[in-house]
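Have the structure open while you read.

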Amino acid sequence: MAKKSKTSAPRGKSLRSQLWFDNPENPGMTALYLERYLNFGLTSKELRSGKPIVGIAQTGSDLSPCNRHHIELAHRVREGIRSAGGIAFEFPMHPIQETGKRPTAALDRNLAYLGLVEVLYGYPLDGVVLMTGCDKTTPACLMAAATVNLPAIVLSGGPMLNGWWKGERCGSGMAVWKAREELAAGRIGDQEFLEIASASAPSAGHCNTMGTASTMNALAEALGMSLPGCAAIPAPYRERGQMAYETGVRAVEIVHEDLKPSDILTRKAFENTIIANSAIGGSTNAPVHINAIARHIGVNLTIEDWEKHGYDVPLLVNMQPAGKYLGEEYFRAGGLPAVMHELMKAKRIHADALTINGKTMGENVKRTQSQDADVIQPYGKPMKKQAGFLVLKGNLFDSAIMKTSVISEDFHKRYLSNPKDKNAFEGRAVVFDGPEDYHHRIDDPSLKIDQNTMLFVRGVGAIGYPGSAEVVNMQPPAALIKKGIMSLPCIGDGRQSGTSGSPSILNASPEAAAGGGLALLKTGDRVRIDLNKGSADILISKAELDQRRAALQKRGGYRYPASQTPWQEIQRGMVDQLADGMVLKPAVKYQRVAQRGGVPRDNH
């Protein structure tokens, strides 16, 4: 047998694509597969050369502006694949744009996942470059790669350049939440609101804040699935194109090495990721997506692990919404490698976790010190000493999370500083059934909303919305905003934008639509939240709670809007709760499909 080289199949192992294009046991089918793939200029010699065929999962399109520059970056990926001795096959993915898709982009995460699983398994691919960016594109790609388990590598698209408004940094997403407060207070008009929002998004790329997009791409790197330093490079920078080329090169190498997601996505990698998320001030959407990836690769990760491993991790990254700076400063300070360097020095991460470049996390980050101590701060002098998520439980829900890194001084003083009851608060509940109800009634004076009121929104989870909506970060009535009360305690069975600086209690599971305790809550109930005990309870007797539950069941359960499309109905029928990753329940049993599922049957 010929000596293994970078342009031939691994020693003793045929490439998967050869079962399509070079199968001597079935020349008739080989001819059928070959003839159509030659019709745009590829040659039979190329496809039968033993060169790896590497897919490029393209998430950019006109419908996905955060990822649109991937259309151009894919050329550099192709050049990297070609120079390393591979053949590139680019293909589109179902579009997912956070700010474009109604009712929510989260509805389409599992749909894009399913589509990519079928492409990776059913077509002649030996490996894949996953081109990620906007919030849900990253988990959709990683979930599919985990399920099929072909060699895969992530290329993120990078954040936009910094936004500026009147000499101040203007962060994407966060600028909208702040501007809507100014609008409600009457300090700006509609036109200025639009101008502020536009100023926050000045170039190609995803959010320049540490919202869900920057978080999930950083966490893809923390998992070990992208090359070191990939996530933080701003989209327009030359280094982004250079990273695209290097990713294409590495994609061919991992096929030869047979380095698969299952080799990298280990328990250690997921624990590193939870710790990294706290240190960067990452999005509250991260547990939903990371837990989903873990379930598809077969690692037992629970919502409780986020508090166990991540709560006492300090906040090191001074970046909006938890801090001051934006993506360009974060990149120049060293990005995720500099953060992981600080965490490794403090012995907080598993330095021996394998990554996609074939080296361990420790080897990758041992020399990547922060280049700006104000942006990426030392472990011993952090912005906050405990920056992770708290997991709350009680008769309202089995679990919900609260992001502690964004608890402001004002919020802490107002709700968590009672000397007789520290880190706990009680209040009267005002309940909204969906965002439409909230927007319609929030300024209704008959609700008597004051600074001691807790705002609840339900019917916005995986089933109820459907797909779970980013609507829990509810602002107070305009009358309170004008008095300087900018936030109230907010609780819900949906999510909120990762760019939001609100310390809401989110992702309540089970949701109201699945019979969770939020469905039993009534406006006027007293509710107690105790961060010391990790509890969240309606202050009523068990007998009263049981009576309400029996009455709800008699009425047929919590009512939510009817499905509007076939996919909404299909997903509602099989989707799991946010705490468990919002996965499709039947899908998680399909693991390592490329190894366990056998070769797909021929199509003729």
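Let's start with helix α9 (residues 212-223) and helix α12 (residues 267-280), which pack at an angle of about 140° with their axes 8 Å apart. Since angles over 145 degrees would be needed for roughly antiparallel, that angle makes α9 oblique to α12. Keep in mind that this is a predicted model.

The crossing of these two, α9 and α12, is right-handed. On the α9 side the contact takes in T215, A218, L219, A222 and L223, and these meet A269, F270, N272, T273, A276, N277 and I280 in α12. Sorted by class, that contact of α9 with α12 has eight nonpolar and four polar residues, with no charged ones.

Helix α12 has another partner to look at. It packs with helix α14 (residues 303-310) at an angle of about 65°, the axes being 9 Å apart. That makes α12 roughly perpendicular to α14, and α12 passes α14 in a right-handed crossing. Here R267, E271, I274, I275, N277 and S278 of α12 meet D305, W306, H309 and G310 of α14. The class tally for α12 with α14 is three nonpolar, four polar and three charged residues. N277 turns up in the contact with α9 and in the contact with α14.

| Cavity | Volume | Lining by class |
|---|---|---|
| Largest cavity | about 80 Å³ | eight nonpolar, three polar, no charged residues |
| Second largest cavity | about 60 Å³ | six nonpolar, three polar, one charged residues |

Which residues line the largest cavity? They are P159, H206, M210, S214, A218, A231, A232, M319, G327, Y330 and L336. Helices α9 and α15 (327-333) each supply at least two residues of this lining. A218 is worth a click: this residue of α9 is part of the contact with α12, and A218 also lines the largest cavity.

The second largest cavity is lined by E221, S226, P228, L336, P337, M340, T355, M361, N364 and V365. Helices α16 (335-345) and α17 (361-365) each give at least two residues to that lining. L336 is listed for the largest cavity and for the second largest cavity as well.

How values were computed:
Residues are numbered from 1 along each chain as its sequence is written. This is a predicted model: local features need pLDDT of at least 70, side-chain atom pairs count only at pLDDT 80 or more; totals for chains, interfaces and linings use all residues. Side-chain values use heavy atoms; hydrogens and water are left out. Axes are lines fitted to C-alpha atoms, for helices over the stretch in contact, and angles run from 0 to 180 degrees between N-to-C directions. Helices (H or I, at least four residues) and strands (E, at least two) are DSSP runs, numbered from the N terminus. Angles under 35 degrees count as roughly parallel, over 145 as roughly antiparallel, 65 to 115 as roughly perpendicular and the rest as oblique. A crossing is left-handed if the near helix is turned anticlockwise from the far one by less than a right angle, and right-handed if clockwise. Contact means heavy atoms within 4.5 Å. Ala, Val, Leu, Ile, Met, Phe, Trp, Tyr, Cys and Pro count as nonpolar, Asp, Glu, Lys and Arg as charged, and the others, Gly among them, as polar. On a 1 Å grid over the protein atoms alone, a cavity is a set of points where a 1.4 Å probe fits but cannot get out, and a pocket is an open set with protein on both sides within 12 Å along at least five of seven lines; lining residues have an atom within 4 Å of a point. Grid points are joined across faces, edges and corners, and a volume is the space filled by probe spheres set on the points.
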